[in-house]
Amino acid sequence: MRIGMGYDIHRLVAGRKLVLGGIVIPFEKGLWGHSDADVLVHAVIDALLGAAGLGDIGQHFPDTAPEFKDISSLKLLSKTYEMINGKGFTVQNIDATIFAEAPKLYHYKAAMQKNIAQAIEIKQDRVNVKATTCEGLGTVGKGEGLAAQCIALLK
């Protein structure tokens, strides 16, 4: 068994879609980034890569590479799954937390779990997504950005 932890944070800006777990969330701002800036999926990718001893997201999907410009992070997650599967690992479970003051994410969590599970070819009940606020503290608490962290278990 191998465990990995991933974390990501992105700034909220006007003029971008807010994508979390592959779902476009209605909101007045979106996350700034080279890809779709999906902090949840980026944290999952880093957790999986870490557990497999394969480095990090920037190593495999650099923000300087034109082929990753505006790409769906779910596509990057599928590529990550292929890498870890190629090393003989299977994903046992994913546990992730999104940190956001707004918008409220309760109604989107099941769809996020489904998207992540499909991308890494596991049952949806092996993916858990939680959301919490930062009680007004820090960058996330002030509404300047969103963050996510994830723990992944591989066998």
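The dialogue below takes up the sheet, a helix, the cysteines and some loop residues in turn.

A: Please keep in mind throughout that this is a predicted model.

Q: How many bridges join β1 to β7, and how many join β5 to β7?

A: There are ten bridges between β1 and β7, an antiparallel pair. Between β5 and β7, also antiparallel, there are eight.

Q: Is β7 mostly covered or mostly exposed?

A: Burial is judged here by a relative accessible area under 20%. By that criterion seven of the ten residues of β7 are buried, and the strand is mostly covered.

Q: Let us turn to a helix. What does the span of α3 show?

A: One compares the reach of the helix with the expected value. Helix α3 comprises 14 residues, 73-86, and extends 20 Å from its first C-alpha to its last, close to the 20 Å expected at 1.5 Å a residue.

Q: Which residues of α3 are buried, and where do they lie around the axis?

A: The buried set consists of Ser 73, Leu 74, Leu 76, Leu 77, Thr 80, Tyr 81 and Ile 84. Viewed down the axis of α3, the buried residues fall within an arc of 150°, so they line one face of the helix. On the other side of α3, the exposed residues are Lys 75, Glu 82 and Gly 86.

Q: What do the buried residues of α3 pack against?

A: Their packing partners are α1 (39-52), β5 (91-99), α4 (109-119) and β7 (145-154). After α3 comes Gly 88, with a positive phi near 90°.

Q: How many disulfides does the structure hold?

A: A disulfide is a covalent bond linking the sulfur atoms of two cysteines. This structure holds zero disulfides. For Cys 134, the nearest cysteine sulfur is that of Cys 150, 17 Å away, and a pair would count as a disulfide with its sulfur atoms within 2.5 Å.

Q: Are Cys 134 and Cys 150 buried or exposed?

A: Cys 134 is partly exposed, because its relative accessibility is 23%. Cys 150, by contrast, is buried at 1% relative accessible area.

Q: Which peptide bond is cis, and what is its omega?

A: The bond joining Ala 102 and Pro 103 is cis, with omega about 0°. Pro 103 belongs to the loop between β5 and α4.

Q: What is in contact with Tyr 108?

A: Tyr 108 is also found in the loop between β5 and α4. Its neighbours within four places in sequence are left aside, and the contacts are then Ile 23, Ile 25 and Pro 26. The C-alpha atom of Tyr 108 is separated by 8.8 Å from that of Leu 20, although the two residues are 88 apart along the chain. Tyr 108 is partly exposed, with a relative accessible area of 25%.

Q: What is the phi of Ala 37, and what is that of Glu 135?

A: Ala 37 is not a glycine, yet has a positive phi of about 65°. Ala 37 lies in the loop between β4 and α1 and is buried at 0% relative accessibility. Glu 135, likewise not a glycine, has a positive phi of about 55°. Glu 135 is placed in the loop between β6 and α5 (138-141), and counts as exposed at 66% relative accessibility.

Technical notes: Residues numbered from 1 in each chain as written. Predicted model: local features only at pLDDT ≥ 70, side-chain atom pairs only at ≥ 80, totals over all residues. Heavy atoms only, no water. Helix = DSSP H or I, 4+ residues; strand = E, 2+ residues; numbered from the N terminus. Expected span 1.5 Å × (residues − 1). Buried < 20%, exposed > 50% of the residue type's maximum accessible area, 1.4 Å probe, protein only. Arc of directions from axis to C-beta. Contact = heavy atoms within 4.5 Å. Pairing = 2+ DSSP bridges.
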